[in-house]
Amino acid sequence: MALEQKRILLVISGGIAAYKSLELIRRLKERGARVRAVMTRAAQEFVTPLAVGAIVGERAHTDLFDPSTEFDVGHIRLARDTDLVVVAPATADLMAKMAGGHADDLASTVLLATDKRILLAPAMNPHMWSHPATQRNLAQLIADGVSVVGPNEGEMAERGEAGIGRMAEPEQIVSAIEGALVAIPAVRSLAGKRVLVTSGPTHEPIDPVRFLSNRSSGKQGHAVARAAAQAGAEVILISGPVELPDPAGVQTVHVTTAAEMLEAAESALPVDVAIFAAAVADWRVAEPAPEKLKKVNGKSAKLELVENPDVLATIAHHQQRPKLVVGFAAETEKLIDHARRKLQAKGCDWIVANDVSPETGVFGGGRNTVHLVTKDGVESWPPQSKQAVADGLVRKIADALGGKGARA
Ligand code: CTP
């Protein structure tokens, strides 16, 4: 009964996948959850409020201005008296409304009024899913801190149509719900704290059009910044070039090179906590060419590289050293040994050692297997999403700093 006594508000919007919501409710109740349902007008074309109400065990909520509901629970209480809001299926239209902050029916009003985490299970035609407008709305919702499960690839209800757009299966949604509930950070546990996060790769110029870099996406660092902001911290995110939107509620500073990242980090001091998730290029080109380099008839070319400053080590040895300095280390072998050595060499308090050996499937995958290495020992965490790693790390940080209040 992993969801014992957890309150889940399920918003059902109008799509053929709405029939799977009944199965989802059944599985949530089997696990001990208390479910309430809100249905859009379009959802009622696919499943009836009577069917949903029968499985939930109380009437399904459908109208914003329904006197009996308003006197009984009211849309604000509906939005707040819950542990998690799940939207399944989430149509393109409801996602657009959420991204735009609209509130013209009960479902959209509840989604705007809630102060709880939201999990979306999108379901739509593949063309609607891949449309730039939907992808733009999705990026906005993720930046606002909304979690997403699916959609999956496969046959659609429309005959002959296949592609990405099928709603995640109920079992998949249940495990995303369990993950989201475990991951909810202790409420405002970092209130009054100033947190610095570095994220993404750096680009080191070779000439005006070429650079040295690496494959870092910035997903983990951005997730850490978002989790810290959700826990109430004032967050300064120093990001190398990434394709992610700036997280909501975070002050994002965009940099390109390692030298710029270091400068931005030093000017962010003093902070209580600094988390270095960036994959900083170890070298830069000694003298980038002022004009585009030309090839010279089959001759080999040489680049002279010089070592970049170590942002983490510099801040860890700074006069204004943060109380807690956390590094990341991606390793393919001797994970813990290497992490311990880096802890010592760089002068940080913790290292999040990231196992990227091929069998873990971390590269390219959404999940991450990490070990938290401290001076006192090693804690190994199960494989989980990058957001869950970020939430777990923020919880640990809040515990380590203990209590509330501004920096000493
Ligand atoms: N880091 C940094 N500045 C650098 C290099 C690394 O701030 N110039 C930080 C990273 O953000 C990370 C930690 O140091 O938190 C470890 O990074 P990693 O690349 O694993 O360390 P390196 O010292 O470069 O070790 P390796 O020889 O394994 O590349």
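**Close-up views of the predicted model**

View 1. An N or O atom in the side chain of Lys346 is 2.9 Å from an oxygen atom of the ligand, a polar contact being a pair of N or O atoms within 3.5 Å. The protein covers 74% of the 570 Å² of accessible area that the ligand has on its own (Shrake-Rupley method, 1.4 Å probe). A polar side-chain atom of Asp282 lies 2.9 Å from a ligand oxygen atom, and a backbone N or O atom of Phe276 lies 2.6 Å from a ligand oxygen atom. The model is predicted: local features need pLDDT of at least 70 and side-chain atom pairs pLDDT 80 or more, whereas totals for chains, interfaces and linings use all residues. Residues are numbered from 1 along each chain, and side-chain values use heavy atoms, without hydrogens and water.

**View 2**

**View 3. The open sheet.** Five strands with parallel pairing follow the order S2-S1-S3-S4-S5, where pairing requires at least two DSSP bridges. Strands S2 (34-39) and S5 (147-148) stand at the edges with a single partner strand each, so one side of each is left without a neighbour in the sheet. Strand S1 (residues 7-12) pairs with S2 over 6 bridges.

How values were computed: Polar contact = N/O pair within 3.5 Å; in protein donor to acceptor, adjacent residues only side chain to side chain. Helix = DSSP H or I, 4+ residues; strand = E, 2+ residues; numbered from the N terminus.
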